[in-house]
Amino acid sequence: MKPVAIITGAARGIGRATAEHLHKAGFGLVLNGRSTEDLQAMSAQLSGSTAVVADLRDDGTPELLVKTALDTFGRLDALVNSAGVAQMAPLLEIDLATWQRFFDLHVTASFRCSQAAARAMVAQNQGGAIINIGSIAASMAMYGTGAYAAAKGAVASYSRVLAVELAPHKIRVNTVAPGPVATEQLRKVLEGPKYAERSRSIPLNRLAEPAEVAELIAFLVSPAAQYITGQTFTIDGGASAVGAYSYETYKRQAPPE
């Protein structure tokens, strides 16, 4: 029987690339997103997948995703929480609604999906894997990413605790923390010269491709990673190692008058 995975944020970016990788690996897929057109096109492209168009912040969506996996494929082996938003703004300029939006989607929705998926995996008694998408922003200060960084830090923290609590059930929980990834969403944030500047700040001199992050995720949900849990895996081309981007950006800020 082929393994089955739920992927949130599956229509674009890392989620889409992960869906493509897991499809090649023989997974049955439940694909979640909010764009009906994009998600249905994705599902049509990947045979053996099913699309669930729903907002993760709505009551019942996590349970709906799990029910769809069980009703369609009869099992659930992996969850990849890839849905997210990005918005650059200094903390003094962020309103409460924006702050809450980051936590509602990145933290609360991913936790609720993890909880619903884990309950199904425990009932199956066959183990499983949960992957949450974090960020290097959770461990290094980057100008304008305060709300995003706080949310991603919370994701990494609850993932470690969940890994310990689920270990007796052979359910593994890990966080993948990319640096900047060349997604449509980030290209909108880093327009023109900012994109080139961000690339130059990375030792490997480029942003990651979504497929490169997806390959790491695919490994972590595979049997080859069955002894790996409770970890945060950084994939950033050396950006967090060099740590220069934030300092150089900070130096260029105009001093307060």
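Predicted model: local features only at pLDDT ≥ 70, side-chain atom pairs only at ≥ 80, totals over all residues.
Tyr-148, by contrast, is partly exposed, with a relative accessible area of 22%.

A pair of aromatic rings is described by two quantities, the distance of the centres and the angle of the planes. For Phe-102 and Tyr-148 the centres are 6.3 Å apart and the planes stand at 75°, and because angles over 60 degrees count as edge-to-face, that is the name given to this arrangement. The structure holds 3 aromatic pairs, the pair of Phe-102 and Tyr-148 being one of them.

## How helices H3 and H4 pack

Helix H4 (residues 96-124) also packs against helix H3 (residues 61-73), at an angle of about 35° and with the two axes 8 Å apart. The crossing of these two helices, H3 and H4, is right-handed.

Which residues in H3 and H4 meet? From H3 come Pro-62, Glu-63, Leu-65, Val-66 and Leu-70, while H4 contributes Arg-112, Cys-113, Ala-116, Ala-117, Ala-120 and Gln-124. Sorted by class, the contact of H3 with H4 has 8 nonpolar residues, together with 1 polar and 2 charged residues. An α-helix has 3.6 residues a turn, so residues three or four places apart point the same way.

## The buried residues of helix H8

In helix H8 (residues 210-220), the buried residues are Pro-210, Val-213, Ala-214, Leu-216, Ile-217, Ala-218 and Leu-220. These buried residues pack against several elements, namely helix H1 (13-24) and the strands S4 (78-81), S5 (128-133), S6 and S7 (232-235).

Most residues other than glycine have a negative phi. Asn-125, although it is not a glycine, has a positive phi of about 60°, and Asn-205 likewise has a positive value, near 65°.

Where are these two residues found? Asn-125 has its place in the loop between H4 and S5, whereas Asn-205 is found in the loop between helix H7 (193-200) and H8. Is Asn-125 buried or exposed? Its relative accessible area is 64%, and because values over 50% count as exposed, Asn-125 is placed in that class. The C-alpha atoms of Asn-125 and Arg-57, which are 68 residues apart along the chain, are separated by 28 Å.

Pro-168 is found in the loop between H5 and strand S6 (171-178), and at 65% relative accessibility Pro-168 counts as exposed. Although Pro-168 and Gly-127 are 41 residues apart along the chain, their C-alpha atoms are separated by 9.2 Å.

Val-242 has its place in helix H9 (residues 239-242) and is partly exposed, with a relative accessible area of 44%. Leaving aside residues up to four places away in sequence, Val-242 touches Ser-201 and Pro-203. Val-242 and Leu-31 are 211 residues apart in sequence, and their C-alpha atoms are 36 Å apart in space.

How values were computed. Residues numbered from 1 in each chain as written. Heavy atoms only, no water. Axes fitted to C-alpha atoms, helices over the stretch in contact; angles between N-to-C directions. Helix = DSSP H or I, 4+ residues; strand = E, 2+ residues; numbered from the N terminus. Left-handed = near helix turned anticlockwise from the far one by under 90°. Contact = heavy atoms within 4.5 Å. Nonpolar A, V, L, I, M, F, W, Y, C, P; charged D, E, K, R; others polar. Phe/Tyr/Trp six-rings, centres within 6.5 Å; stacked < 30°, edge-to-face > 60°. Buried < 20%, exposed > 50% of the residue type's maximum accessible area, 1.4 Å probe, protein only.
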